[in-house]
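Take a look at the structure shown here.

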There are 4 protein chains.
Amino acid sequence: MTTRFAILGAGRIGQVHARAVTSNTAARLVAIAEPFADAAQKVAAQYGCDIRSIDEIATSDDVDAVVICTPTDTHADLIEQFARAGKAVFCEKPVDLAVDRVKAALAIVEAENAALMVGFNRRFDPDFMALKAAIDEGRIGDVEMITITSRDPGAPPAEYIKVSGGIFRDMTIHDFDVARWLLGEEIKTVYAAASVLTDPEIGTLGDYDSANVVLTTASGKQCTITNSRRASYGYDQRIEVLGSKGMVAAKNTAEANILMADEAGFHEPPLLNFFMTRYTAAYANEIAAFVASIEDGAPMPTTGKDGLKALELAEAALESVRTAAAVTLD
Amino acid sequence: MTTRFAILGAGRIGQVHARAVTSNTAARLVAIAEPFADAAQKVAAQYGCDIRSIDEIATSDDVDAVVICTPTDTHADLIEQFARAGKAVFCEKPVDLAVDRVKAALAIVEAENAALMVGFNRRFDPDFMALKAAIDEGRIGDVEMITITSRDPGAPPAEYIKVSGGIFRDMTIHDFDVARWLLGEEIKTVYAAASVLTDPEIGTLGDYDSANVVLTTASGKQCTITNSRRASYGYDQRIEVLGSKGMVAAKNTAEANILMADEAGFHEPPLLNFFMTRYTAAYANEIAAFVASIEDGAPMPTTGKDGLKALELAEAALESVRTAAAVTLD
Amino acid sequence: MTTRFAILGAGRIGQVHARAVTSNTAARLVAIAEPFADAAQKVAAQYGCDIRSIDEIATSDDVDAVVICTPTDTHADLIEQFARAGKAVFCEKPVDLAVDRVKAALAIVEAENAALMVGFNRRFDPDFMALKAAIDEGRIGDVEMITITSRDPGAPPAEYIKVSGGIFRDMTIHDFDVARWLLGEEIKTVYAAASVLTDPEIGTLGDYDSANVVLTTASGKQCTITNSRRASYGYDQRIEVLGSKGMVAAKNTAEANILMADEAGFHEPPLLNFFMTRYTAAYANEIAAFVASIEDGAPMPTTGKDGLKALELAEAALESVRTAAAVTLD
Amino acid sequence: MTTRFAILGAGRIGQVHARAVTSNTAARLVAIAEPFADAAQKVAAQYGCDIRSIDEIATSDDVDAVVICTPTDTHADLIEQFARAGKAVFCEKPVDLAVDRVKAALAIVEAENAALMVGFNRRFDPDFMALKAAIDEGRIGDVEMITITSRDPGAPPAEYIKVSGGIFRDMTIHDFDVARWLLGEEIKTVYAAASVLTDPEIGTLGDYDSANVVLTTASGKQCTITNSRRASYGYDQRIEVLGSKGMVAAKNTAEANILMADEAGFHEPPLLNFFMTRYTAAYANEIAAFVASIEDGAPMPTTGKDGLKALELAEAALESVRTAAAVTLD
């Protein structure tokens, strides 16, 4: 069986998913939808697929599933449209920047009994999966404390920051999802400290570039998240989990596995710098998991609820920064 | 010139300092004071020093400096007695578990214009010193965010916990001092989450075994401290500092620098398990720094004020746990 | 421009190259030749290519290049046939197990002015390429001493060993090529020690499983190669180069980049176990380099001469084992 | 019981042993012998010991053991003198640069039934001891292949090289001893390649600065030794042992355990640069082992025979370089 895909949006992330779909032997790319003709043409030529409008795709009999790679403010509308059209839907996070809009969209997904997967790529990274497997195998006993370090090589452009929803909804949201995934228990309190240390313009836009978050669960488990929009040495993505019997950590990925030495000491290359390069395997794995769930009629590995929960944690973090107190979730 | 020492207390930490003093070519151990005759005799025989009472030492002409290694509840009294006696005083942290008592003792030290060094051994660890030197040399630009991971191999006995003042005054106090040392700026807010995860008895005693602390400064610098009373793999002592131009981290110290490999993969020995072994060089270095300050008539590298500040941070952390909000320091 | 490929042989290595060709946007797989119908059918179905006989491919107008993935004893004949047919030829090492047969085939390649690339995958591994780049950039000054560690996870089956030409022609041959590539100077003397340590059956077959080789050049540069047919911890592939100003080393590749810790210490997963997994990127890169040379009409990056030189070094090593003396090459 | 020591020679290595003896609680330093009055005075003052002549020490009733730290060409004579005087003798390697002279001295040691320990500090390094313990515990199964990497930060002065006996007798001799220690079987063949790569003056003196040695045993075990007189990144001292079930390696020791990161990547400090700093713990451990053997009346851990065997291997290596063939030992 082959799952037939259309991709909505031929931008950077759309191209990543086009590659993931076409390199998956259980999937086939049927169509691309994209308002910019050149970009559409490029994808169509490279992968031999049709160019269609979004509405055409919604009514195409030869399309089983769509990947939504359009701007964030269109996600919720498209999820609703394609859920109603009976297509399996994969949507990059976030569903929307507003909790109420997310809830409305998810209500329709539920009413239509549609299949929706929200893309949290970290869960599909091979190293993070190996870390999760070590926990699930009992290698570290009960999970007690998690430390997530997530630093971007540099801040996105001001234009992006303006529409991003801020650091917690744009960047930390991945870490909130990782925390929920690994804690194995819902989060009860959120405390966040945030400041502007790398670029005053970010502050002017009402956002932060540096943040620490402490999460706790009802049973007393704790998780800290450390975020910065600047790390000169590359894209720093680490997870460390302390358990009752041991510890497991996922290490960073360097540009090359070489070691140099000279009078100044030992040197290794910087980390992979770009999230698409760093998470290449994760993007392929998440499409593979989406296809497998469609084929098996199984629940999606990451759902609309996961997207909603992560967004609620981001909102709680923002409130915590305003009040300088921990925020308790329901 | 040789600084002539007496050590007050021949217990575990007293013996560590006896070794540090006697292996220092600028110092000489003149006397030990210890109520248990056997313990006193053992030190006297090993290092060829006298056994004297505390009061005798206070009036001994051939003693320039004392190292206070007696139980915590005697520290403040002894500091006052020896400050008045005109001796240079080295006191293991803490000065006292109560802020007011510390302030009273420091007032007398100041009035007597006495030399007081409070022992914060981390500042004298060779690796942490190399980390600090890298910061001071501008290797990472401006300090922005610090992550301190400090985990004991196992909890101390209940008897000790009862009189320890709790995890923040007993264990985190070292990390508070490290944070102040490295941030280069006083701490303004303290948030702490704490729970009991490793042993319910610790909770029964009113204490915690697992804690995360977030510190911020007026300029927006941030520091997180992660503490646990249990780490199966040894005494976990790490510091990581992110700056505007880079990062510097101090790594852990293993029992041996060997690597083994077999069908299950690669293996390295656990960390040094005991704080006295882990910080052997630090104890020697801190006595050397004390001696050097005495000889040069220079200010002590770690002062009574440092002891007071760290204790105030511990109290703020406790209040934060109670209120679930950040506590602002004056 | 697109280079149109046929692959000769649909076995394990043929499938690797089929994947490399089809994932290369400048190449297209036109046909597969394979005596076993099932194997041929499988490749044809997966990649949508024709099934043709070897002779049909030699006369196909729509084939520019062939990849020879047939048994070793057919390589030289096929190289000659396709050189005469005017196709660009990529042949997995070795060209043949006999030096004279290799020379004869290369003479025909030269006479036909044909393009021949002999596959030495190490040269196309990203980490080894980064190591080579560091040398070429002058990071370590002049190359002086090289240490190559190459250990298989386990010995191949006896059936394979019988026709392999022995450890030097089958396994060390890669390391001989790496040595030539990195020394930047032809090898003058070869000394080899070899023994049977992992499985007596290997000795019964007249082969060895453990070997150390020392190579020297006219200017006094040295290279050691350490080989074993058994490494419980995986496929061990390391290179270390000492130069006048420093050192550069390529590290191994583990199954996952995670670190676990428990009472026994720290643990990391074993190395990738299988050469095709370990060198996945290398196989893709070597086909890309072949395609680029065809497109540019440029010399092949690894030539028939490289194949011949490596084979001559293997023969010299065998002679050295027999004579217990260094063998001098012309 | 306390072993009473005299040290012969107050140079660099004599001072190292003076520190080792005086910091050992089972030993006492009674006297120093040294022709340069200033040097003798310095040691005497620092450790509170007598200054005596060598002959006085040989007849001193209050001296149980001597440490010979005089120039190499006096070692054999002094060993004989103190063996006859009934003192336990610790002599830094080598006993002599000539095999016959060593044999003659050892004959007298045997005739006098004297206790002689020849100092091979590697065997007492904590990391190498941990590696040896892992082998002895069966962690890697049967030892099969050993790789020893030993590189000096820089060449010694020409004056030293002239009297050193050459690289094999001066530097590789340590590695020969390590090989014997770890192989658990006597060495049967020695092949060595040597050249001058770092400094032509070394060649002018008839010596080499770069060497690779391959050792084999009767059962087919193999060991390679890689030596260079130059390593810009510090004193490179590594051992790796492959066994039937796994591998164990001893890693290098850096100046500090810190990690820095910036735009150029990750950086660690160079290795400890000086053999006395690198092997500080080893020197203390070897004196402790000497004292323990004296106290227990037990055989010395490293004997005159070990010194002789290592020297014979050095001579075989020299012959191998001359003949370009492996040399077989009796």
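Predicted model: local features only at pLDDT ≥ 70, side-chain atom pairs only at ≥ 80, totals over all residues.

**How the copies meet**

Start with the meeting of chain D and chain A. Chain D brings 13 residues to the contact, and chain A brings 13 residues. Together they bury about 1,000 Å². Carbon and sulfur atoms give 63% of that area. Which three residues supply more than any other three of the area that chain D buries against chain A? They are Ser232(D), Tyr233(D) and Phe266(D), with 45% of it.

Next come the pairings across this interface. The rule finds zero salt bridges between chain D and chain A. It does find three residue pairs in polar contact, both residues being at pLDDT 80 or more. Where does this side of chain D come from? Two elements give two or more residues each: β13 (258-262) and β14 (265-268) of chain D. The largest share, four residues, comes from β14(D). By class, the side of chain D that touches chain A has seven nonpolar, three polar and three charged residues.

Now look at the strands that meet here. In general, strands of a sheet pair through backbone hydrogen bonds, either parallel or antiparallel. Strand β14 (residues 265-268) of chain A joins β14(D) by three bridges, and the two run antiparallel. Find His267(A) in this pair. Its bridge partner in β14(D) is His267(D).

How are the two copies placed? Two copies of a chain are related by a rotation about an axis and a shift along it. For chain D and chain A, the turn is 180 degrees and the shift along the axis is 0.0 Å. Chain D then lies on chain A with an RMSD of 0.0 Å. Which C-alpha in chain D is nearest the axis? That of His267(D), 2.2 Å from it. His267(D) is also the bridge partner of His267(A).

**A second interface**

Turn to chain A and chain B. In this meeting, 36 residues of chain A are in contact with 36 residues of chain B. The area buried between them is about 2,900 Å², and carbon and sulfur atoms give 54% of it. Which residues of chain A lose the most area to chain B? Met145(A), Tyr191(A) and Leu197(A) do, and together they make up 17% of what that side buries.

How many salt bridges are there between chain A and chain B? The count is six. One to find is the salt bridge between the side chains of Arg230(A) and Glu144(B), at 2.4 Å from N to O. The count of residue pairs in polar contact between chain A and chain B is 20, with both residues at pLDDT 80 or more. Strands feature on this side too. The elements of chain A that give two or more residues to the side touching chain B are β7 (143-151), β8 (187-195), β9 (210-217), β10 (222-228) and β11 (236-243). The residues of that side divide into 13 nonpolar, 16 polar and seven charged.

Here too the copies can be superposed. Chain A can be laid on chain B by a turn of 180 degrees and a shift of 0.0 Å along the axis, with an RMSD of 0.0 Å. That is the relation of a two-fold axis. In chain A, the C-alpha nearest this axis belongs to Ala325(A), 1.9 Å from it. Of the interface residues of chain A, 100% are also interface residues in chain B, so the copies meet through the same surface.

**Inside the chains**

Finally, look within chain A. Six strands form an open sheet in the order β3-β2-β1-β4-β5-β6, with parallel pairing. The edges are β3 (50-51) and β6 (116-119) of chain A; each has a single partner strand, so one side of each is left without a neighbour in the sheet. Strand β1 (residues 3-8) of chain A is joined to strand β2 (residues 27-33) of chain A by six bridges, and the two run parallel. Within that pair, Ile7(A) stands opposite Ile32(A).

Chain B has an open sheet of six strands in the order β3-β2-β1-β4-β5-β6, with parallel pairing. Its edge strands are β3 (50-51) and β6 (116-119) of chain B. Four bridges link strand β1 (residues 3-8) of chain B and strand β4 (residues 65-68) of chain B in the parallel sense. There, Phe5(B) has Ala65(B) as its bridge partner in β4(B).

Methods: Residues numbered from 1 in each chain as written. Chains lettered and ligands numbered in written order. Heavy atoms only, no water. Contact = heavy atoms within 4.5 Å. Buried area = accessible area lost by both parts, 1.4 Å probe. Salt bridge = Lys/Arg side-chain N within 4 Å of Asp/Glu carboxyl O. Polar contact = N/O pair within 3.5 Å; in protein donor to acceptor, adjacent residues only side chain to side chain. Nonpolar A, V, L, I, M, F, W, Y, C, P; charged D, E, K, R; others polar. Pairing = 2+ DSSP bridges. Least-squares fit on C-alpha atoms with pLDDT ≥ 70 in both.
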